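Please keep the structure open alongside the text while reading.

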Amino acid sequence: MATNKKSTRSSRAKSKGKKSATAAQARDGVLRTNDVVAEQANASDHFVAAMPYNRSKELEYGHDNAVAPAPGVTVEPGASTLTASTTTEETETAKTGGAAPLGTNPTVASLDRVRVDASDRPLTTNQGVHISDNQNTLKAGLRGPSLLEDFILREKITHFDHERIPERIVHARGSGAHGYFEAYDALTKYTRAAPFAKKGKITPVFVRFSTVAGERGSKDTARDARGFAVKFYTDEGNWDLVGNNIPVFFIQDAMKFPDLVHAVKPEPHHGMPQAASAHDTFWDFVSLMPESTHMLMWLMSDRAIPRSFRMMQGFGVHTFRLINAQGESVFCKFHWKPLQGTHSLVWDEAVKISGADPDFHRRDLWEAIESGEFPEWELGLQIFSEEQAEGFSFDVLDSTKLVPEELVPLLPVGRMVLNRNPDNFFAETEQVAFCAAHIVPGIDFSNDPLLAGRIHSYADTQITRLGGPNFHEIPINSPLAPVQNNQRDGMHRQALHRGRVAYEPNSLAGGCPFQAGTAGFVSFPEAIADDKVRGKPEKFAEHYAQATLFFDSQTAVEKAHIAAAFRFELSKVGVPAIRERMLSSLANVSRELAAEVAAGLGMEVPKAMPKAIADPEPPEVTVSPALSLTALPGERGIRTRQIAVLVEDGVHHASLVSLYSALADAGAVVHFVGPRVGMFVDDSGEKIEADKSMENSPAVLFDALVVPDGSGAVQALAGNGHTMEFVKDQFRHCKSILALGAGRELLEMTGIGSAMDEDPGILLAEGADASKIASAFIDSIAAHRHPSRDRDPPFI
């Protein structure tokens, strides 16, 4: 009997197909062949007859049915073999196993099903054949030619030749980690989305951070936007929140995305520069696209050179919809705030780190998680109605605009913790496939034209990059929610589907899998009655108000860094007319900024670029403290901060022991750094092991510096050229420096002695007991930097 709801499955019938067919014979009293195939066909006929027509067809039409679709019609089979691929499905071997449990798809189980460990196992080929010799090619004689029949060599070399998949066009260089999202409370008032269904609900996640412009082998510390993509493995399917560490973007419409990327990538005639935007084609493009100005302000700020992935915000960028169980909708923007605070590098530091450790951010994330210092972010939502949005001076569908927190405050809704590193970088971090189109019931899209393009582009890209349409079956991409559909075949297909049916509607499988009706994803029924056009709304034409808002919301030091970044980038542009055009655009943002940049380029401030709209609506907010990095100092003090303690033979033992204990108790990572690695002997005859040297780990890799006591050690350190640069860079980059006893003499030798008494970031311990100053030093490190020292150019 057909039903309009999913029936409870009976337990799998133990009978074979022949018995099912015999039962069918008895029902109609007809004597038939005992051929198993024919009997199965006869039984299928009775099964199919229970669905004489498509009872759902009449429900496909009309507005009411569109917003509240009905569940699909199903028929319960009389025996499990009626929906099977083969009547032999219960014939088991070690490879085939048994029949598929009804209604299941084990390819979406946890990653345990594909984890591999080789402990106590011999080498094999990919076919499981044991390899007797992994050292030598098969040859005709010890000195003879290699033989074509060496299938082991061919397999090994062929696999090696194809180990690299095409890299992402953008976001190629990434780092990933597993973790979970925990909801603070139920958000059912706003959304039926699974992660927010109840207080304390845990949803597994995989997060990938990345730079945008550089290739896979580029450096971590380039000036660039950072990707911040989160894959939620919800119990209603995968939701990919694919965002950046900057809340706005360069362009308003996806039509311009290929142009943007072509402009920012290395110039095609010579393939330079790599992972950098300081070149003609990028600035030519953005200077002709005034809507990019707001994003440029963020890109030229310290946001574009974060201290760590763990210390940057994340944003969903676009306006999304939240939909509750009653079908009511509100608009929403997503914000991730790091508990470690928002902290950055300075440019000179970023450049030097790229030479010392191009994997700086990747290493930082990995080592923090390995040490149990799990990064954590709070998810906040900006929720507002369509009526509110219509009253804003800007258009929320414009991705070059943000919604100031003063206008719509953040609602904290949960926390995300990253607590496990990947087992294999390629299999997980490299093969993870994010897609802006991956949403779950309770979340829907707005009409943002940039978002609309991303919905198509991401899936299309993954098909090319990962070798076909089955990238969702790669373990890191497969959901935890059951997957059942009629998609088949294609490259790298993993699932072994039972049955004859790969279409819907059907009767040969009893109508299964069937459409879920209102239990599934239903798009918000937004009323649309308008002309089909190519164009933009009038509010999209205002390009500068929020760029001004961002600049005016920065501290004096942050403003200076923005001006310096524009000066540096534009100084690398070889065509003066492009520089002048960009300056004319900046004149619409801030005359102060334009004048500072122009002076650094030896130019006059040109006439302001004509605006696309002469009389825009006045902005509701003109200063927003939340837009400054200093708004989020963090809640974890100096946990995971890297502290360099210089050592040499003769250092004072007692002071280092007491200081080491205080710093370690506060969660800092203390490294003893010497002129070389290895053992040093202190003044009491005790040994200190230097795990790093000033040569292999320069000052830019550390957050603070301790200069030791001990006259002999200080003199020995002073005689090493690396020492002076080490101390100077710590000072130049505004970091905390503690000099113990005779260590003060070393600071004076570097030329910073005149600043010691008034600089809050330089602490001096009179005598050998460092425990008395440890607390003040910890507070100083927690400040991250000391901007009063920030000079352009620096003191030394």
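Two strands are taken to pair if DSSP finds at least two bridges between them, and the strand pairings described below rest on that criterion.

## Overall picture

The model is a predicted one. Its C-alpha atoms fill a box of roughly 110 × 80 × 55 Å, taken along the principal axes, and the protein has 21 helices together with 20 strands. Of the 796 residues in the protein, 49% are buried. When contacts between residues at least 6 apart in sequence are considered, 74% of them join residues that lie at least 24 apart.

## Strand β3 and its partners

Strand β3, which spans residues 174-183, has nine of its ten residues buried, so this strand is largely enclosed by the rest of the structure. Nine bridges connect β3 with strand β4 (residues 202-211), and the two strands run antiparallel; within this pairing, serine 175 stands opposite phenylalanine 209 of β4.

β3 also pairs with strand β11 (residues 411-420), again in the antiparallel sense, here over six bridges. In β11, leucine 418 is the bridge partner of glycine 179.

## The six-stranded parallel sheet

An open sheet is formed by six strands in the order β17-β14-β13-β18-β19-β20, with parallel pairing. Its edge strands are β17 (692-693) and β20 (762-765), each of which pairs on one side only.

Inside this order, strand β18 (residues 704-707) and strand β19 (residues 736-740) are joined in the parallel sense over four bridges. One of the bridged positions is valine 707, whose partner in β19 is alanine 739.

## Glutamate 376

Is glutamate 376 buried or exposed? Glutamate 376 is located in strand β10 (residues 376-384), and its relative accessibility is 11%; because buried means under 20%, this residue counts as buried. Leaving aside neighbours within four places in sequence, glutamate 376 is in contact with Lys337, Pro338, Leu339, Gln340, Arg415, Met416, Val417 and Arg636. Among these contacts, Arg415, Met416 and Val417 fall within the residue range 411-420 of β11, the strand that pairs with β3.

As a further distance, the C-alpha atoms of glutamate 376 and leucine 496 are separated by 39 Å, the two residues being 120 residues apart along the chain.

## Two helix pairs

Helix α14 (residues 556-571) and helix α16 (residues 591-600) have axes that come within 9 Å and cross at roughly 45°, and the two helices are therefore oblique to each other. The crossing in which α14 passes α16 is right-handed. From α14, the residues Lys559, Ile562, Ala563, Phe566, Arg567 and Leu570 meet Glu592, Leu593, Glu596, Val597 and Gly600 of α16. By class, this contact of α14 with α16 has six nonpolar, one polar and four charged residues.

Helix α5 (residues 257-264) and helix α6 (residues 280-287) pack at an angle of about 145°, and their axes are 7 Å apart. On the α5 side the contact is made by Asp259, Leu260, Ala263 and Val264, which meet Thr281, Phe282 and Phe285 in α6. By class, the contact of α5 with α6 has five nonpolar, one polar and one charged residues.

Methods: Residues numbered from 1 in each chain as written. Predicted model: local features only at pLDDT ≥ 70, side-chain atom pairs only at ≥ 80, totals over all residues. Heavy atoms only, no water. Axes fitted to C-alpha atoms, helices over the stretch in contact; angles between N-to-C directions. Parallel < 35°, antiparallel > 145°, perpendicular 65-115°, else oblique. Left-handed = near helix turned anticlockwise from the far one by under 90°. Contact = heavy atoms within 4.5 Å. Nonpolar A, V, L, I, M, F, W, Y, C, P; charged D, E, K, R; others polar. Buried < 20%, exposed > 50% of the residue type's maximum accessible area, 1.4 Å probe, protein only.
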